[in-house]
Structure formats: C-alpha cells, structure tokens
Amino acid sequence: MTGEHSPFRLDGKTALVTGGGRGLGLEIAKALAKAGARVIVTGRNEETLLQAAQSIDRTAIPLAFDVTDEEALTSALDLIEQNHGGLQILVNNVGNRDRRGLLDFDSPSVAKLLATNLVAPFALAREAARRMIPRKTGRIINITSIAGPISRSGDPAYTASKGGLEALTRALAAELGPHGITANAIAPGYFATEANAQMVEDEKVGEWLEKRTSLGRWGNPSEIAGAAVFLASDAASYITGQTLAIDGGYLAHF
C-alpha cells in the first residue's frame, strides 16, 4: 500500500539513526527519509555525517557525538527535543567489531566493545524512553545480528554483545509496552558493506554463501531498509519484542 494515507508512511516523525554515516545505517536513514521522516544521523566524524546527510535529503541533519559518552548522548537528545519536535524513532545501529578468539581477549578489550554495542544502546533507549513516555508513543529499533542467536569460533565478544542486545530488545518491550512504545530488532546476515569489503572480494566466502544461504548470495545494503521502515511505522503497531532476521535465509537454511 502506498500513498499519503499508507500505514507505512512516517510523515511528521523524527528519527535518530546512530552510525548513520555509512553502510546499513545510511541505507536505513535514506529509507526512513523517503517514507517521510525527518532523519538525524549520528557518528563521530562530522565530515562523513555531512556527506551522508546531503545524500539522504535536504531535511536530514548530521549530529556528531560519541554514543559511549552519556553526557554527549543526553545533550543530543535534549537538542532534538528542543529543536526538532522530539524523538519518535530511535535506531540503535552503531556497533564495533573485534574478531579474535576467546583466549586472545583481555577484559578491557571486551569492556570497550560492550560499551559501544550494548551499554550505549541501553543508555540511548533509556534516555529516549524518558522523552517518549510522556507522549505515550515511540519506536525503538535495535540492529543486532544473526550472531545473536548463533555463534562461531573466533568471535566471542561480538557474539555476546549482539546476544545481549537481542535480550535487551525483549526487556525494553516488556517495560515500555504499557507506555505505547514498541521495541524490536533487526538481525542482519551477510551484507556487502564497506566494513565487509575484504570478505566480499574473497571468492571462497561468496561460494560458501551460495551453499549456506537460501538465496545464495550476499545481501545488498539497501535490502535492510524495508524492515526498518516497517517496524518504525503504524503498520507494526502491534509488534514488539521481536527480532526480524534479514539474512537471505541463513538461519533457516541447513
């Protein structure tokens, strides 16, 4: 269904997409804007964010801050509240990756990864909820990973962080549901993003995905976008606490 009265439209809503300067975050931001939302993209590099905002649409806003800095995080949400009509949609997309085996990790490295991938989304969701609760409406979308429900050797810290984020999604749904706020997650599979460029160029990985996924290929970054628009929209008003895998059938394929 399309058109002005479509339940998939996001007109008049303000969305914050963390890590929105490139990759899946940028594609999500573009799709939310196309559906009518005013989109704010965050990250730490101002130049990258400015270029991203210009590629989205003329209303997109770059907002540079470090999601692990709670003072900066709170100030950013206050700014959105004061100048942009308040936040209706939060997309916790930003994340770090550190591929090492269990015995190669020291505790500070684990804590650093968890600070970005789990603690920061927790803090953002908490502070967004403070502002959404009085309005009795809001959408929180966490970008997890298929590394949440499954695991492989050599990636324990990232897997723990994404499994925790999936669990946090359920906890947010339980706590915020009475206030009219939904919390859901999107679990991407193998997407051909800048971060995965080296793997994308590896023919052996491509051959493996042909056998391992139902669709037999890498995901195109733009293919993540429809799920985000759906979960942010009125069409998903009775969906909460769920994780939607966008993985070309990776989890379903044996």
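Is the crossing of α4 and α5 right-handed or left-handed?

1. The crossing of these helices is right-handed, the near helix being turned clockwise from the far one by less than a right angle. This is a predicted model, in which local features need pLDDT of at least 70, side-chain atom pairs count only at pLDDT 80 or more, and totals for chains, interfaces and linings use all residues. Residues are numbered from 1 along each chain, and side-chain values use heavy atoms, without hydrogens and water.

2. The axes of α4 (residues 107–132) and α5 (residues 156–176) come within 8 Å and cross at roughly 15 degrees. Axes are lines fitted to C-alpha atoms over the stretch in contact, with angles from 0 to 180 degrees between N-to-C directions; helices are DSSP runs (H or I) of at least four residues, and strands (E) of at least two. The two helices are therefore roughly parallel (angle under 35 degrees).

3. On the α4 side the contact (heavy atoms within 4.5 Å) includes L113, L114, F122 and A129; on the α5 side, residues including Y158, K162, L165 and L172 take part. By class, this contact has 13 nonpolar, 3 polar and 1 charged residues.

4. Beyond its neighbours within four places in sequence, I186 is in contact with residues including I141, I143, A228, L231 and I246.

Key
Parallel < 35°, antiparallel > 145°, perpendicular 65-115°, else oblique. Nonpolar A, V, L, I, M, F, W, Y, C, P; charged D, E, K, R; others polar.
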